[in-house]
Amino acid sequence: MLDLAIIGGGPAGLTAGLYATRGGLNNVTMFEMGMPGGQITGSSEIENYPGQSEIVTGMDLMENWPEQCKRFGLKHEMNQVMSVTKKDEVFTLTTADGKTQEAKTVLMATGSVPRRAGFKGEDELFGRGISTCATCDGFFYKGKEVAVVGGGDSALEEAVYLSKMCSKVYLVHRRDTYRAAPSTIAHMKAAENIEEVTNVDIEEAFGDVSGVLGLKVKSKITGEIRDLPTPGVFVFVGRNVLNDPLKQEDESFLCATNEAGEVIVDLRMRTNVPGLYAAGDIRIEASKQVVCAAGDGATAAVNIIEYIG
């Protein structure tokens, strides 16, 4: 039986594995389908991770993390966990190959992925002007015009964030009303350099080998086509939480989640199920930053060690 089963091999899972093994747990396995590192390995430029004197790629940043963890005894099983159940004090993990593994504790660190808006050019230009993280990529558009796609709290909050460093922000939304809190809407409307572009469909994002050059939108009322001359497009239309392993046979979840499917935890990363923890982007109110996910993983591991005693 494992002391700890870690599901997910991104910054949260790897850091938890490092702290758990170095902290004295002898039987810790991290389940990750591919090579460890997480979504950040797909990022082409990172300059806000502490201790990095130069801009690095996500692959460069994560390169040494798995090896460091393995030195202290973390095992990596390249397998997908399909379900997690609990009976009495024991968790049972079922993997894609039909095998089972028992564990005293489980850490969910599977994260979440941004939803795509589905417009032409989005996939082709993703990472070359199209982004889903203003905190990560906003600085690269300092003094330039950008577009934000979406109408919820995240979209409006990120539009306000970008307005403080960009010359202009086009807030592009398919409706003329927003799904954000009234205070968030008021905050957005108070920003003088945010232009609302509402009641439109996005025809396409266009560009060349250098990246995005603009966004083409079509009015739902007049049918008029308008080109927004922006090298940066930030898409905020929700996230898909990777919580499938927690789903039970009756379609409920093993632990408490919010309406978005994010796992509810306390400051120790504990769920309402003893022995089950969650860290990183799968948990409520996550900051969606590598350094924060790593902090979550360390916090979870320290408390898991105490739980096992």
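Which residue in β6 is the bridge partner of F91? The bridge partner is A103, and the strands around this pair are described below.

## Basis of the model

This is a predicted model, in which local features need pLDDT of at least 70, side-chain atom pairs count only at pLDDT 80 or more, and totals for chains, interfaces and linings use all residues. Residues are numbered from 1 along each chain as its sequence is written, and side-chain values use heavy atoms, with hydrogens and water left out.

Helices (H or I, at least four residues) and strands (E, at least two) are DSSP runs, numbered from the N terminus. Two strands pair if DSSP finds at least two bridges between them.

Strand β4 (residues 81-87) runs antiparallel to β5, and 6 bridges join them.

Buried means under 20% relative accessible area, exposed means over 50%, and partly exposed lies in between (1.4 Å probe, protein chains only).

## The parallel sheet

An open sheet is formed by 5 strands in the order β8-β15-β9-β10-β11, with parallel pairing. β8 (130-131) and β11 (194-198) stand at the edges with a single partner strand each, so one side of each has no neighbour in the sheet.

Within this sheet, strand β9 (residues 145-149) pairs with strand β10 (residues 168-173) in the parallel sense over 5 bridges. V146 has V169 in β10 as its bridge partner.

Helix α5 (residues 153-163) lies across β9, β10, β11 and β15 (232-235), and runs at about 165° to β10. Axes are lines fitted to C-alpha atoms, for helices over the stretch in contact, and angles run from 0 to 180 degrees between N-to-C directions. The buried residues of α5 are A155, L156, E158, A159, V160, L162 and S163. Their cover includes α4 (134-137), β9, β10, α6, β11 and β15. Contact means heavy atoms within 4.5 Å.

Two packed helices are described by the angle between their axes and the distance between the axes. For α5 and helix α6 (residues 182-189), the angle is about 30° and the axes are 9 Å apart. The two helices are therefore roughly parallel to each other (angles under 35 degrees count as roughly parallel, over 145 as roughly antiparallel, 65 to 115 as roughly perpendicular and the rest as oblique). The crossing of α5 past α6 is left-handed, a term for a near helix turned anticlockwise from the far one by less than a right angle.

From α5, the residues D153, L156, E157 and V160 meet T184, I185, H187 and M188 of α6. By class, this contact has 4 nonpolar, 2 polar and 2 charged residues. Ala, Val, Leu, Ile, Met, Phe, Trp, Tyr, Cys and Pro count as nonpolar, Asp, Glu, Lys and Arg as charged, and the others, Gly among them, as polar.

## Residues in loops

N199 is not a glycine, although its phi is positive at about 60°. The residue sits in the loop between β11 and β12 (200-208), and counts as buried at 18% relative accessibility. E251, also a residue other than glycine, has a positive phi near 75°. Its loop lies between β16 (239-241) and β17 (276-278), and E251 counts as exposed at 60% relative accessibility.

E47 lies in the loop between β2 (28-31) and α2 (58-62), and is partly exposed at 32% relative accessibility. Leaving aside residues up to four places away in sequence, E47 touches I55, F139 and F140. E47 and F139 are 92 residues apart along the chain, and their C-alpha atoms are separated by 9.6 Å. G127, in the loop between β7 (112-114) and β8, is partly exposed with a relative accessible area of 48%.
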